[in-house]
Amino acid sequence: MTYDSDNIFAKILRGEIPSTRVYEDDDTLAFMDIMSRADGHLLVIPKTPCRNMLDASPEQMTAVMCTVQKLSHAVMKAFGAEGVTLQQFNEAVGGQEVFHLHVHVLPRHEGVSLRPPGKMEERDIIEANAEKIRAALSA
Ligand code: 5GP
């Protein structure tokens, strides 16, 4: 399996399609998922190409997981969450739909289920949730 540099997240990295960014460093980018399954649902990706965990380098995995941890703390604070669910899918049969490595970060609350997949979130809700995460990161 080869990396397709025209995948949606590669286009987001190049700024060819819009995204709601909440954090970036030299190696990773975090932005809001457009079909959020929980308030604050975001994605963390490496800035360098790889399809998923199966072809990622140790350096890519390390960078992504350090950012995942940072953003997990931020969403806990931003949404008063009691826990965080991480999701990461590998190849189509493993549930992957976009073939650039990404980790879903989902803040969780007692008794609140994840929403079903596939429903577009309102743009103003995504922006408001992103702003809460940015504020938590800068506090
Ligand atoms: P997965 O590959 O993890 O199964 O699913 C891809 C995820 O990317 C889904 O949660 C979907 O909502 C999200 N997604 C798909 N296209 C876009 C897009 O253009 N922008 C953003 N921000 N998220 C997207």
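## Who surrounds the ligand

Helix H1 gives the most to the shell around the ligand, with three residues. Helices here are DSSP runs (H or I, at least four residues), strands are DSSP runs too (E, at least two), and both are numbered from the N terminus. This is a predicted model, in which local features need pLDDT of at least 70 and side-chain atom pairs count only at pLDDT 80 or more, while totals for chains, interfaces and linings use all residues. Residues are numbered from 1 along each chain as its sequence is written, and side-chain values use heavy atoms, with hydrogens and water left out.

There are 16 residues around the ligand, and Asp33, Gly95, Glu97, His102 and His104 come nearest; a residue is near if one of its heavy atoms lies within 4 Å. By class, the shell has ten nonpolar, four polar and two charged residues. Asp, Glu, Lys and Arg count as charged, Ala, Val, Leu, Ile, Met, Phe, Trp, Tyr, Cys and Pro as nonpolar, and the others, Gly among them, as polar.

## Polar contacts

Now look for polar contacts (pairs of N or O atoms within 3.5 Å). A polar side-chain atom of His104 is 2.6 Å from an oxygen atom of the ligand. Backbone atoms take part as well: an N or O atom of Gly95 lies 2.8 Å from a ligand oxygen, and a polar backbone atom of Val98 is 3.0 Å from a ligand oxygen.

## The lining of the pocket

Which residues lie nearest the centre of the largest pocket? They are Phe9, Asp33, Ile34, Met35 and Leu43, out of 30 lining residues. The lining divides into 15 nonpolar, nine polar and six charged residues.

Technical notes
A polar contact is a pair of N or O atoms within 3.5 Å; within protein, one must be able to donate a hydrogen and the other to accept it, and residues adjacent in sequence count only if both atoms are side-chain atoms. On a 1 Å grid over the protein atoms alone, a cavity is a set of points where a 1.4 Å probe fits but cannot get out, and a pocket is an open set with protein on both sides within 12 Å along at least five of seven lines; lining residues have an atom within 4 Å of a point.
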